[in-house]
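Here's a quick briefing to read with the model open beside you.

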Amino acid sequence: MVVWTVANQKGGVGKTTSTISLAGLLAEEGYRVLLVDTDPHASLSYYFGIESEDLDLSVYDLFLQVSTKEQIMQGLCPTHYENIDILPATMGLATLDRSLGNKGGMGLVLKKAIQKIADEYDYVLIDCPPILGVLMVNALAACERIIVPVQTEFLALKGLDRMMKTLEIMQGEQSEVFKYTIVPTMFDKRTKASLMTYRRLQELYGDAVWPGVIPIDTNFRNASVEQKVPSDYAAASRGIVAYSNLLKHLVYLKSVSK
Ligand SMILES: Nc1ncnc2c1ncn2[C@@H]1O[C@H](COP(=O)(O)OP(=O)(O)OP(=O)(O)O)[C@@H](O)[C@H]1O
Ligand SMILES: [Mg+2]
């Protein structure tokens, strides 16, 4: 099982869109995919029409009690895609940092839960909220690679800088080196700002930047209205072709353990 976390402390950069797009492509290749929604806004859960307030199990419950494999499996929600299940978010997640207070040892809750169901899925993709808190810490600790979408506009660089500092601080507590891939998103080739930001990203972060870009593509928004994964909605669109190139790159990195 492969676990990837999609994270950036900046909001609206394409985290949820990247999670769904990659999940759709992996499911089409026949892989069993689990999505984990750690955002209290539950965008990922809503995307698949899951109204999360009356669920048997959500990410929140994992923090309240230790669940067995059977309990977790029973609580996962199917989506209308055969190969995609989801561990949904609930509003309660927003209170998690406060309710846990100083309670220690909560950084690996998600990792341990995912390990219990490792045999059931090929890929687990975790979508993060745009806030640093116990949920993001858990998501970062649970994965083997972090995918960091960055909007190709100048202000987004500042947000990325903050995210990189977070990784540095967290790295101090981890034994394994964080692997991450920066993904330029919402690239508009007609604007100077997009091009300049893209160049600056490469100057600053070199090889950690995926050499491609995800272009601006209205199909993503339209796909969400129809609750379809983008590759099901518009398989040949520029945006989806870009995400499938990104997926190839991520799989390549995995194969060479980079
Ligand atoms: N490449 C793209 N082209 C056009 N629109 C896009 C693209 N990627 C994402 N969007 C749209 O931009 C909006 C924000 O994207 P998304 O929800 O994926 O960001 P996010 O980082 O998950 O946001 P949040 O931090 O609020 O969770 C959505 O309406 C989405 O449909
Ligand atoms: Mg989101």
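Helix H1 (15–28) gives the most to the lining of the largest pocket, with four residues. This is a predicted model, so keep in mind the cut-offs: local features need pLDDT of at least 70 and side-chain atom pairs count only at pLDDT 80 or more, while totals for chains, interfaces and linings use all residues. Residues are numbered from 1 along each chain as its sequence is written, chains are lettered from A and ligands numbered from 1 in the order in which they are written, and side-chain values use heavy atoms, with hydrogens and water left out.

**The largest pocket**

- The largest pocket comes out at about 590 Å³. A pocket here is an open set of points on a 1 Å grid over the protein atoms alone, with protein on both sides within 12 Å along at least five of seven lines. Points are joined across faces, edges and corners, and the volume is the space filled by probe spheres set on them.
- It has 25 lining residues, and Gly14, Thr17, Met186, Phe220 and Arg221 are the closest to its centre. To count as lining, a residue needs an atom within 4 Å of a point.
- Besides H1, helix H2 (43–47) and helix H10 (219–225) each supply at least two residues of this lining. Helices are DSSP runs of H or I with at least four residues, strands are runs of E with at least two, and both are numbered from the N terminus.
- By class, the lining has twelve nonpolar, nine polar and four charged residues. Nonpolar covers Ala, Val, Leu, Ile, Met, Phe, Trp, Tyr, Cys and Pro; charged covers Asp, Glu, Lys and Arg; the others, Gly among them, are polar.

**The second largest pocket**

- The second largest pocket has a volume of about 340 Å³. Of its 19 lining residues, Lys111, Ala141, Cys143, Glu144 and Glu176 sit closest to the centre.
- H6, H7 and strand S6 (145–151) are the elements giving two or more residues to this lining.
- Its residues split into eleven nonpolar, three polar and five charged.

- Which residues of H6 are buried? They are Val109, Leu110, Ala113 and Ile114, where buried means under 20% relative accessible area, exposed over 50% and partly exposed in between (1.4 Å probe, protein chains only).
- These four cover an arc of only 125° around the axis, which puts them on the same side of H6. The arc is taken from the directions from the helix axis to the C-beta atoms.
- The buried residues of H6 pack against strands S1 (2–6), S2 (33–37) and S5 (123–127), plus helices H3 (59–64), H4 (69–75) and H7 (134–142). Contact means heavy atoms within 4.5 Å.
- There's one cavity of 30 Å³ or more, and the largest cavity has a volume of about 30 Å³. A cavity is a set of grid points where a 1.4 Å probe fits but cannot get out.
- Leu34, Leu62, Ile72, Leu87, Leu110, Ala113, Ile114 and Ile117 line the largest cavity. H6 (residues 109–116) provides the largest share, three residues.
- That lining is eight nonpolar residues, with no polar and no charged ones.

**Salt bridges**

- The whole structure has five salt bridges, counted when a side-chain nitrogen of Lys or Arg is within 4 Å of a carboxyl oxygen of Asp or Glu.
- One of them joins Glu120 and Lys69 (2.8 Å, N to O). Glu120 is in the loop between H6 and S5 and Lys69 in helix H4, so the pair ties together parts 51 residues apart in sequence. Glu120 is partly exposed at 28% relative accessibility, and Lys69 is partly exposed at 26%.
- Asp188 pairs with Arg190, their closest N and O atoms being 3.0 Å apart. Asp188 counts as buried at 16%, whereas Arg190 is exposed at 72%.
- Glu203 and Arg200 form a salt bridge too (2.7 Å, N to O). Both lie in helix H9 (residues 192–205), three residues apart, or about one turn of the helix. Glu203 is exposed at 58%, and Arg200 is partly exposed at 33%.

**Thr191**

- Thr191 is in the loop between strand S7 (180–185) and H9, and is partly exposed at 29%.
- Thr191 and Glu153 are 38 residues apart in sequence and 9.5 Å apart in space, C-alpha to C-alpha.
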